Amino acid sequence: MLAHTSRLQRGWSQEQLAEISGRSERTIQRIENGRSASREAMKAFAATFEVDLPQLVGDP
């Protein structure tokens, strides 16, 4: 998932992403470890990174 890459490119910790996106740090850890994310979480990350949802998940 590109959210992990986007987070690292910004130099954000998981804790910072959680605070900015309104999601829990545990949710971010689970997603970055390969677990699926809810559509709501993905929308929150897309908004946080100011990208479209398909762009966030790597769909063309």
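Reader: Why is Gly11 called exposed?

Author: Exposed means over 50% relative accessible area, buried under 20%, and partly exposed in between, with a 1.4 Å probe and protein chains only. Gly11 has a relative accessibility of 58%, so Gly11 counts as exposed. Gly11 sits in the loop between helix H1 (2–10) and helix H2 (14–21).

Reader: What do these values rest on?

Author: The model is predicted, so local features need pLDDT of at least 70 and side-chain atom pairs count only at pLDDT 80 or more, while totals for chains, interfaces and linings use all residues. Residues are numbered from 1 along each chain as its sequence is written, and side-chain values use heavy atoms, with hydrogens and water left out.

Reader: Is Phe49 buried or exposed, and how do you know?

Author: The relative accessible area of Phe49 is 3%, so Phe49 is buried. Phe49 is among the buried residues of helix H4 (residues 39–49), which also include Ala41, Met42 and Phe45. After H4 comes Glu50, with a positive phi near 55 degrees.

Reader: What makes the pair of Trp12 and Phe49 stacked?

Author: The ring centres of Trp12 and Phe49 are 5.7 Å apart and the planes are at 20 degrees, which makes the pair stacked. The pair links distant parts of the chain, as Trp12 is in the loop between H1 and H2 and Phe49 is in helix H4, 37 residues apart.

Reader: How many helices and strands does the chain have?

Author: Helices (H or I, at least four residues) and strands (E, at least two) are DSSP runs, numbered from the N terminus. The chain has 5 helices and 0 strands.

Reader: Why is the chain called as compact as a globular protein of its length?

Author: The radius of gyration is taken over C-alpha atoms, and the globule rule is 2.2 Å times the number of residues to the power 0.38. The chain has a radius of gyration of 10 Å, close to the 10 Å from the rule for 60 residues, so it is as compact as a globular protein of that length. The C-alpha trace spans about 30 × 20 × 20 Å along its principal axes.

Notes:
Rings of Phe, Tyr and Trp (its six-membered ring) pair if their centres lie within 6.5 Å; planes under 30 degrees apart count as stacked, over 60 as edge-to-face and the rest as tilted.
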